[in-house]
Amino acid sequence: MEHVELAAGELLLRPWRDEDAPAVRDALRDPAIAQWNPQGDGLIDDEVALLWVRRRADWSAGDHASLAVTSAVDGGLLGSVSLHHIRHGDASIGYWTTPAARGRHVALRAVVRLTDWAFADLGLHRVELCHAVANPASCRVAERAGYPAEGTLRESYRYGDGRRYDEHLHARLATDG
Ligand SMILES: CC(C)(COP(=O)(O)OP(=O)(O)OC[C@H]1O[C@@H](n2cnc3c(N)ncnc32)[C@H](O)[C@@H]1OP(=O)(O)O)[C@@H](O)C(=O)NCCC(=O)NCCS
């Protein structure tokens, strides 16, 4: 899959670069991101952050499209949004925002933009979004981005504190309008 850049008002969604690694290291150390977007048990150091960025910059397998969410004004890193498990017209979407970027609907705007691209350009039919029931901010993002809740998955995912949590499954279809 070819890299893309997606403009969304004052946001620019663009492929990850090596230079993003220090900001990613800091973001992945944020307690809320460590809890709800866990990266494994190890310490998040410069090397881990660089590997994280490089994995997401490599779209060659065609199974994910991962983008840095940045400010179109000053280029600063605001968050992450990615389509993963792209297969047979389906995918899942995931995201986080840096602590400093929260409170401005950055995740909502990034999810809407990437989903529009997924349907219009990738030709996907269904995108799923899962979040812990204990994470109401993420539920809000899902609902406002046009992903209605479809049900509750019981103790379906082990999050950063090592506990399994119930999750809401949300999804949006290309035909939802
Ligand atoms: C969830 C997250 C991505 C939302 O990012 P954001 O775009 O910066 O979200 P905002 O701060 O603008 O808040 C979005 C909505 O959630 C609401 N919200 C925020 N914190 C909340 C909380 N603790 N409880 C309930 N609602 C909350 C906001 O009021 C807002 O609601 P609105 O749309 O009605 O105005 C961000 O908080 C984050 O990265 N959290 C840690 C990692 C994470 O949860 N990742 C998602 C894993 S599924």
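Predicted model: local features only at pLDDT ≥ 70, side-chain atom pairs only at ≥ 80, totals over all residues.

**Exercise 1. Find the bridge partner of Leu 13 in β3, and say how strand β2 and β3 pair.**

Solution. 

- Step 1: Strand β2 covers residues 11-14 and pairs with β3 in the antiparallel sense, over four bridges.
- Step 2: Leu 13 has Val 69 as its bridge partner.
- Step 3: Now consider how covered β3 is: six of its seven residues are buried.

**Exercise 2. Follow the chain through β4, β5 and β6, and describe how the strands run.**

Solution. 

- Step 1: Strand β4 (residues 77-87) and strand β5 (residues 90-97) run antiparallel and share seven bridges.
- Step 2: β5 and strand β6 (residues 126-132) run parallel, with three bridges joining them. Here Ser 92 stands opposite Glu 128.
- Step 3: Bring in helix α4 (residues 106-120): together with β5 and β6, this helix makes a right-handed β-α-β unit.

**Exercise 3. How does the reach of α4 compare with the expected value, and which of its residues are buried?**

Solution. 

- Step 1: The 15 residues of α4 reach 21 Å from first C-alpha to last, close to the 21 Å expected at 1.5 Å a residue.
- Step 2: Its buried residues include Val 106, Ala 107, Val 111 and Leu 114, and also Arg 109 and Arg 113.

**Exercise 4. Why does Ala 145 count as buried?**

Solution. 

- Step 1: Locate Ala 145 in the loop between α5 and β7.
- Step 2: Ala 145 is buried because 23 other C-beta atoms lie within 10 Å.
- Step 3: Look for a partner from elsewhere in the chain. Val 111 is 34 residues apart from Ala 145 in sequence, but their C-alpha atoms are 6.7 Å apart in space.

**Exercise 5. His 105 and Glu 155 both have a positive phi; where does each sit, and is each exposed or partly exposed?**

Solution. 

- Step 1: His 105 has phi near 60° and lies in the loop between β5 and α4. It counts as partly exposed because it has 16 C-beta neighbours inside 10 Å.
- Step 2: Glu 155 has phi near 40° and belongs to strand β7. With 10 C-beta neighbours inside 10 Å, Glu 155 therefore counts as exposed.

**Exercise 6. Which element gives the largest share of the shell around the ligand?**

Solution. 

- Step 1: The shell has 23 residues, and those nearest the ligand are Trp 36, Ala 107, His 131, Ala 137 and Arg 140.
- Step 2: The elements giving two or more residues are α2, β5, α4 and α5.
- Step 3: The largest share, six residues, comes from α5.
- Step 4: Sorted by class, the shell holds twelve nonpolar, seven polar and four charged residues.

Note on methods:
Residues numbered from 1 in each chain as written. Pairing = 2+ DSSP bridges. Right-handed = clockwise from strand over helix to strand, strands pointing away. Near = placed C-beta within 6 Å. Nonpolar A, V, L, I, M, F, W, Y, C, P; charged D, E, K, R; others polar. Expected span 1.5 Å × (residues − 1). Buried ≥ 20, exposed ≤ 12 C-beta atoms within 10 Å, placed from the backbone.
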